Amino acid sequence: MSTLHWAMVAPFMLALFVPFLYKHVRSIHTGWFILPLPVALFFYFIRYMDIVQQYETVTETVPWIPSLNIHFTAYVDGLSLLFSLLITGIGSLVVLYSIYYLEKEKEKLHHFYVYLLLFMGAMLGVVLSDHLITLYLFWELTSISSFLLIAYWYKRERSRYGAKKSMLITMFGGLLMLGGFLALSVMGDTYSIRELLAHSSTFVNEPLFSVALLLILLGAFTKSAQFPFYIWLPDAMEAPTPVSAYLHSATMVKAGIYLVARLTPIFALSPLWIWLVGGTGIVTLFWASFLASRQTDLKGILAYSTVSQLGLIMSLLGIGALAFHYNFAENIFIVATLAAVFHLFNHATFKGSLFMVVGIVDHETGTRDIRRLGGLMTVMPMTFTIALIGSLSMAGLPPFNGFLSKEMFFTAMLRVLEADIFSLETWGILFPVLAWCGSVFTFLYSFLLISKTFLGEYRPERLEKEAHEAPVGMLLAPMLLALLVIVIGFVPNILSDTVLAPAVYAVLNGLFKPGEGVDVHIAHWHGWTPEVFMTLGVIAVGTVVYKTFPKWNGVYRRLPERLSLNHLYNRLLEWMEKGSFALNERYMTGSVRTYLIYIFTAIIALLSVSIVLKGQWNIEISRFAPVGIYEIVLAVVIVAGALTTLVSKSRLTSIIALGSVGYTVALFFVLFRAPDLALTQLVIETISVALFLLCFYHLPKLRDHGKGYSFKLTNAIISIAVGVVVSTIAFLSHAYKPFESISQYYVENTYEKAAGKNMVNVILVDFRGFDTLFEICVLAIAALGIYGMIKLRMTKEEKLEK
Amino acid sequence: MVLTISLVILSLAMLGFLYRVIKGPSVADRVMALDAMGITLAGMVAVVSVLLKTSAFLDVILLIGILAFVGTVAFAKFLERGVVIERERNR
C-alpha cells in the first residue's frame, strides 16, 4: 500500500480507536484527538499540488479481488485534488468547530466522531477512487454515515424521519447508479474510469449508452439534491450543525457534482446529457432559491440555498459539456466548466461559514427561528461580520468570491445562446432567464438571512437564552472560511493555476492537446459586458423585491401543500405501505384451500403453457402395449372407488373406498408383475386404513362445508384441469423416448455382480442403497416425531394436573 | 381361456362387492363386502399367477389372507368398542 492508500484509510483506522479514547481520556474533549488527522491529511494533499499543476496524475493500485478485476485504485488529478482539499480542509475546520459546539458531558462524542471519521474516509474514497466498484462502495458508505449523523439525536422524531428520508432517497439513487456503472463497465469492458475515459468516443452508439447515462445521472441527482430529489436535504437539517456544515453543504452533496464532472468526457457527446444536467440544474437553481425565501428556519434557508447553488454548479457542468462539441481555438464553453469548479470551491467556503454562524446563533440564543430572532448585530458583532461576508458572497456581490463565480455563471449562461445544436438556439433562452430569476431570489434570501437575524430590534424576551458573543474557539473556523472568501475575492488568481486549471483540465479530459494548459484568468472587471448589467439588474430588482417582501410573500401560502414534493413523498410512502399491506391481506388469506388453489393454478398455467409452446405432438401408437380385459376391469374398479371417496356423505365410506382403491392398486402391481410392490402396498394400505380409523373417532363429520355452488365449481375446474394436464404430459412423455432404458445392465448383473436373484431388492440395497438408507431415516424421523408429539402433549397434561 | 373367464367372473364379483361397499346401507355391510373383496382379490392373484406362469405372487395371496383377517377384526372391534386399540386401564 502506498502512502496515498494509507491516507485514504487513515480515517477508518482512527475511527477504531475513538471509543477507547472517549472512555479512557474523559478529561479531554475527544475532538482534540480527531483534529490532527484531517489537518495532516490536508497538508499531505497540498503536496500533490506541485504534481497536478504540471497536468500530471498519480495512480496507485492495491489489488482487492484480482480474479474479478476489482482493485483499490487511487487516482489523483486536478478534480480529485480539489475535492480532497475541500474534504480535509473543511473537515479540519468542522472538527475544530464541533469541539466547541458539542458539549463534553452531555453528548455521546464517541458516536459523533466515529460517524464523522467514517464519513470523511468514505468521501475521500469517493473522490480518489479510479475503480467504479470501489467508488460505489465508498459512495454507499457516505450514505450510511450520513444517515447515522443525521439521526445523531436519535431520540427526536424529526431526526429519525430526516435520516430515513435521506437514506431512502440516496440509497435509491445509489443502487440505480450501480446499475449505470455496470452498464458502463460492460460498454467499455473495464471498471477503471481512466480507461473508460480513454476510449469514451466509441460509446455513443452503444445500446447501453442511454441506460448508463440515465442511471448514473439518477444517482448523481439524488445525492446532490437536484430537482425533484432535493426534498431530503431540508429534512437532513435535523443533524447537528457541524454535520450540516460539512456534509450537507461542502462535501457529500457535492459527490453527485463530482460524479457528473468526472464522467462528463464520456457522456458529453450526448444531447441528452447536456439537456438533463444543464436543465435539471437550472430548474433546481430557480425552484430552490424561490422556496428558500419562504423558510423561517435559518438552517432551512441554508438548506434550500445549498440545493439552489448545487443546481447552479450542475447547470454549469451541463453547459460545460458543450465544449466537446466545438473544436475551435476560442472554445467559449470552457468558461462554464471553469465557473463550475470555481463556484464549487467558493460555495464550500461561504456555505460552510454560514452554517457555522447559524450554529453559533442557535447555540447562543436557543432558537433558529427568524421570527424570534433579530437585532443581534450589536450583541454578536463577530458572528454578524462573518454572516455578512458569507451572505454577500452568496448573493454574488463584489468584492467577494461569490461575485466572481456568479459573473462567470452569467457569462456561461449567455453563451448558451450562441450554441446552434440540440435546439439550444431556441429553448436555450431558458438558461439565462431562469439563471437571472434564480439570482434575484438568491439575493432576496441572502438579505433576509442577514436582516431577520441581525438587524431590527433586539428582543431578548423571545429568546430562550441571554444572547452573547460566542467563544473564540467556535468563531475560529467560520472566521478562517470568511477570510478565505475575502482573500479569493480580492486575489482570485491565487488558486487558478494550482487548483482550478488542473481541475478544469480533468473535467474536460481529452479536449486539450498534450502539453497545452488551461488559460485561467479571473478578474473582477471585464468592461461593460452584458454580465455586468445582469448583476446590476439582480441588485436593483433584488432590492425592490426585498423591500416589498412583506407585501407579496402571501404568494407562498397560495402554493398548495398538496402539490409539494414532500407531500408527494409522504403520500407515496404511505401509499406503498398501505398498498402492500392491503395486497398481503388480500392474497395471504390464511386458508390452506386458497394457497392450494394458487399452487395448482400455477402448476396448470406453467405446464399447459409449456405443453402448448414446446409440445411434441408426434405420438407413436406403436409404443403402446395392447390393453387386456383385466386392466380394463381393474381400471373400472379403481375409478369407481375413487369416485366413491369423492362423493360419499360419510367419512367411514370414504375411508373404506380409499382402502378399496389401495387394494386395487396392489392388484395392478400383481398384474404388471411387481410382487414386492404388491406385498408392500397391501401391508401399507392396511396400516393406513387402520390409522385412518384410529383418527376417525376424533375427526368431525364429513361436511359439505356449506360453501355453495361456486366453491365446488372452482374445485372441480381446478381438479379436472390438473388431471387433464398431468394426463396429457404422461401421454406425451410416454410417446417421446429419445434413448433406451438403462435397466438392461441390472438384468445382466444382478446375479453376476451382486449375488442376488430378486432384482428389485438388489437395486434397493445394493445398486442404489443410498436412497434406501435415507428412506429408513425418513421413517425413523416420522416415528420419533409421532412419539414426541404424543409424549409432549402428555407431559403438558400432567403439568396441568399438578 | 378358462382362466380368463374365471378372472372376468371374479372381477364381476368384485364389482358386485364394490357396489355393496358403496351402497351400504350399514357400516357392517361395507366391512363384510370389503372382507369378501379381499378374499376375491386373493383368488384373482392366484389366477393371475397361473396366467403369468410364475410363483412369485404366492406370498401376496398369503398376505391378503392375513390382512383381510386383521383388517376385518380391526373394523369389527372399532364398530363394537369405538376404538381399535384400547388403552390399558391399570398402568
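Tutor: A disulfide is a pair of cysteine sulfur atoms within 2.5 Å. By that criterion, a search of the whole structure, which is a predicted model, finds zero disulfides over all chains. Partly exposed covers the range between buried, under 20% relative accessible area, and exposed, over 50%. A:C437 has 25% relative accessibility and therefore counts as partly exposed. A:C777, at 35% relative accessibility, is also partly exposed.

The chain that carries them, chain A, contains 34 helices and two strands. Its radius of gyration is 38 Å, whereas the globule rule gives 28 Å for 802 residues, so chain A is more spread out than a compact globule. Along the principal axes, the C-alpha atoms of chain A fill a box of roughly 110 × 75 × 55 Å. Of the 802 residues of chain A, 52% count as buried. Among contacts in chain A with a separation of 6 or more, 79% join residues 24 or more positions apart. The accessible surface of chain A is about 38,000 Å², and carbon and sulfur atoms account for 67% of this surface.

One annotated part of chain A is residues 65–112, where an unreviewed UniProt entry places the feature "domain: NADH-Ubiquinone oxidoreductase (complex I) chain 5 N-terminal". In the model, residues 65–112 of chain A are 58% helix and 17% strand. The end C-alpha atoms of this span are 32 Å apart.

Key. Residues are numbered from 1 along each chain as its sequence is written. Chains are lettered from A and ligands numbered from 1 in the order in which they are written. This is a predicted model: local features need pLDDT of at least 70, side-chain atom pairs count only at pLDDT 80 or more; totals for chains, interfaces and linings use all residues. Side-chain values use heavy atoms; hydrogens and water are left out. Buried means under 20% relative accessible area, exposed over 50%, partly exposed in between (1.4 Å probe, protein chains only). UniProt positions are given in the numbering used here, feature names are shortened, and annotations may be inferred rather than shown by experiment. Helices (H or I, at least four residues) and strands (E, at least two) are DSSP runs, numbered from the N terminus. The radius of gyration is taken over C-alpha atoms; the globule rule is 2.2 Å times the number of residues to the power 0.38. Contact means heavy atoms within 4.5 Å. Accessible areas come from the Shrake-Rupley method with a 1.4 Å probe; for residues, only the protein chains shown count as cover.
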